[in-house]
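Trainee: Could we go through this one together? I would like to begin with the aromatic rings and then move on to charges and strands.

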Amino acid sequence: MKQAVLLFIALVLSISTAIAQKSISGRVTDERTKEALIGASVVAKGTTQGTLTDMDGKFQVTLPAGNNVLVITFIGYNPQEKTIGGESTMDVELSESAVSIDNVVVLGSRSTSMRTRTESVAPVDVLTSKDLIGTGQTEPTQMMHFIAPSFNSSRQTVADGTDHIDPATLRGLGPDQVLVLLNGKRRHNQALININGTVGRGSVGTDMNVIPSAAIDRMEVLRDGASSQYGSDAIAGVINVVMKNSAGTSVSAHYGSYNTNYEPVFGKTDKRHMTDGQTLQVSAYHGMNVGKGKASIAFEFRDRAPSNRAGDFLGTVYTGSKATDDPIIAANGGFDRTFNMQIGNASSQNILGFLNFTHPIGEKTEFYLHAGGASRHGAGKGFYRYPKQTTQVIAALYPKGFLPEIHSKIMDISALVGVKGTFGSDWRWDLSNVYGSNDFRYDVKNSNNASQFAQGASAQTSFYAGTQRFAQNTLNLDVSKSVAVNGLKSFNFAFGGEYRMDMFGIEAGEEASWKNYDLNASPLRVGGSQVFPGFQPSNAIDKSRSVMGAYLDIETDINEKLLIDAALRTEKYSDFGSNLAGKLAARYKVADELVFRGAISNGFRAPSIHQRYFSNTSTQFVINNGVTTPNNVGTYRNDSEIAAALGIPTLKAEQSKNLSFGITSKLDKLVTITADIYQIDITDRIVITGNMSRSNATINSLLTAAGAAADVTQVAFFTNAISTQTKGLDVVVGLSPKLGSGVLDLMLAANFTENKIIGTPKTTDKLPADQFGKTFFSRLEESRIVVGQPRQKLAISATYRLKNLTASVRSTHFGSVSVWDNANVALDETFGERTITDLTIGYKLKKATLTLGANNAFDIYPDKLKNLGLTSDGRFIYSRNATQFGFAGRYIYASLRVDLK
């Protein structure tokens, strides 16, 4: 009986509690635009009981008994408190505060003070996920390329591994002179080193396209030297990729293809219609609350078919090979132009995933974790091997020649675990460890090893050519504190340390991929797999190095007007020595309408471990006197006997000096203007030398004495060959007026950059000078740095949002680029300015948003090569050595996004 009474009392109490509690649901939106605010906090006042809004801005929360007040907050918006009466639903509109979330910058500062883009001491772009997705591109680097003028990343073609990982640059410098962070932590580099004929030749970048775009919340681009704050590589600036961790579920799909008309025949304006490059992308994102923490997971699948803008070899008269090849090809059935060359985007299949997790441990500590993985498969083509090329083609195997293929398999993984919190009197600390690795495997198909000539039609056609591997482990401890100092508005100091391990390896390919089986043949046939000879056992390595670093950072608001930031960092490398970098920056605020800022700093970039230990032999096609010829190019280690024989000096760190000055203005809440000029001087810049040919008797004698392989026709090395100066101007203007019942977002962003080489490129007494005195660093290599990227780039966009309808127009103007011939100034090429226009229109119906778009809507192409008849028998219509935006033409697409909750 007693138990029954107790059970009855418990039941009554539980019912009473349930009645006393109240469940409220609703939606949180932006007061001005009426758009959903995703991840807004809705909490019962004075408690931790609450939730975050989903992908549609919706929430449902239960108020505890006796509490009838909800507090609704979102970063960048004014908070609201709502008293609940008898209603069970409630919609909330939040107004933007003076500091909008899209303008808040964290990169470049370790202070807790919230600053906007117009208040920071250095220029920072904030590209939101909405900005990125709105480009209609499917890869992060291409998204940035069309909306961030200081950033360049054009797809490459017929460039071996660089067909599969796009070089990305900032402010006209190299891919290895910008540091990439993910959630504020150093991101590992790619395994691939760019050694073929592209922008960034000789450099090692970071593959940002392994990150699923569905997982990105925003990208912050610090356009200023920051080696003293973040370490080596940050000469041009820093890119920080911030990952989503908000509640909600969304699924999206994108499908598009090139639909274009181009002129494939030299000397004629006849157009050919092409539909290719079909691209499918499917993405999914799910974020949820896990206890008091948050977790999110993103998945993405990308599939891209190849595109081809090769010149039409058939039916056209060129000098050279046609008279020899035509009868042979015709006698063996001829071939279709699509099998002659593939000049365009390589095919690519990608599966990407990312996990983000945070959870409090007690009141003052938080555990966080993020992890990602990517599998990327690609297939690119090389130069067609024609029957006349008897030292490269086994006629019994390929009577009409063949088009060799490079198949890539890129595996990328990363994992970070960390704990951060506070202790004592406002001390903040952050301890983390991140590991990342990138593998690049080469397989060659539809090829041959010409030295296996005796095997005839049974000779091998597919080869495993080896694998490059890079891994990095970084342990960080960061400590900071805000201190009250009499006479100062704020004073924040930070210090920390880093221990990093870099690991680089090369695995040799199978024997037939690299070996010459008949060195006594006359003429000497080329050994190894055609298009990409495999890594040899002599190239195989497994090297590592350690890096220790420490920094001190001070930031203080002297008063309401003057902000000063100073930083100092030292790093010690186990394989070459130490470096010290410092920075002093200031901002003076006359008024919201006029702010001055400036910085002076020195920086450094240590030689990458790839540059120190990479070696291989590759088939490269080099233009001399307008004629493209194949060469077996040996890239030798800087510490090799062959390098010593030619007097190549030991690698050392690049040193830089950065100067910048800017003006910012916030005319009202809707208009912002920033303008920054800069100068970056780099001494001892690491580049890959021009190819030194054995056709020169002196070079041949030195190489033979040092034991260079007989079938290597040219050699190249990494070395500190040049000093450069980069000057430029960045301008960003944003305007968001209300227009009728909708909102119009206007943006103008521009970058003007000039690169030049200071003084004479270094050489050695052992090398002969060509007619330009630049055997050590050729004219072609000089042009990649000086004029190989646009000197000006402007992006103008207008987006109009009216209820469920969104329409946008974006034009990107690219300045001219040039490529210089190695031997003949008269054959230098310049490709003029172009403007690309993108159009999109989207409509949201309940939980689904449909978008239709056309990138390069007016089907604009770069200038054609002038010396078309001399470059690979007219197969190249457009330059592959210097490109502004690629040459694929108009791209039409449709995308559908569904927010499930």
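Predicted model: local features only at pLDDT ≥ 70, side-chain atom pairs only at ≥ 80, totals over all residues.

Trainee: What kind of pair do Phe-146 and Phe-814 make?

Mentor: The pair is edge-to-face, because the ring centres of Phe-146 and Phe-814 are 6.1 Å apart and their planes stand at 85 degrees. Helices (H or I, at least four residues) and strands (E, at least two) are DSSP runs, numbered from the N terminus.

Trainee: Is Phe-814 buried or exposed?

Mentor: Phe-814 counts as buried at 0% relative accessibility, and Phe-146 counts as buried at 8%. Buried means under 20% relative accessible area, exposed over 50%, and partly exposed in between (1.4 Å probe, protein chains only).

Trainee: Which class does the pair of Phe-814 and Phe-885 fall into?

Mentor: That pair is tilted, because the centres are 5.4 Å apart and the planes are at 40 degrees. Phe-885 lies in the loop between β43 and β44 (891-899), so its pairing with Phe-814 in β39 ties together parts that are 71 residues apart in sequence. Phe-885 is buried, as Phe-814 is.

Trainee: And which residues do ring pairs link into a cluster?

Mentor: The cluster consists of Phe-440, Tyr-442, Phe-532, Phe-535 and Phe-614.

Trainee: Switching to charges, where does the charged end of Arg-525 sit?

Mentor: The charged end of Arg-525 sits over the ring of Phe-453, at 3.8 Å from its centre, and Arg-309 lies over the face of Tyr-262, at 5.8 Å from the ring centre. A charge sits over a ring if NZ of Lys or CZ of Arg is within 6 Å of the ring centre and within 35 degrees of the ring normal.

Trainee: How many salt bridges does the count come to?

Mentor: The count comes to 44 salt bridges, each being a side-chain nitrogen of Lys or Arg within 4 Å of a carboxyl oxygen of Asp or Glu. One of them joins Glu-781 to Arg-784, with the closest N and O atoms 3.2 Å apart. These residues are three apart in helix α10 (residues 779-786), which means that about one helical turn separates them, and both Glu-781 and Arg-784 are buried.

Trainee: What about Arg-605, which residue is its salt-bridge partner?

Mentor: Arg-605 forms a salt bridge with Glu-654, with the closest N and O atoms 3.2 Å apart. Arg-605 is in strand β29 (residues 594-605) and Glu-654 in strand β32 (residues 654-668), so the pair ties together parts that are 49 residues apart in sequence. Arg-605 is buried at a relative accessible area of 1%, and Glu-654 is buried at 0%.

Trainee: Last topic, strands: how many bridges join β17 to β18?

Mentor: Strand β17 (residues 248-262) and strand β18 (residues 272-290) run antiparallel and are joined by 14 bridges, and two strands pair if DSSP finds at least two bridges between them. Tyr-255 stands opposite Leu-280 in β18. β18 also pairs in the antiparallel sense with strand β19 (residues 293-304), over 12 bridges, and there the bridge partner of Gln-281 is Arg-302 in β19.

Conventions
Residues numbered from 1 in each chain as written. Heavy atoms only, no water. Phe/Tyr/Trp six-rings, centres within 6.5 Å; stacked < 30°, edge-to-face > 60°.
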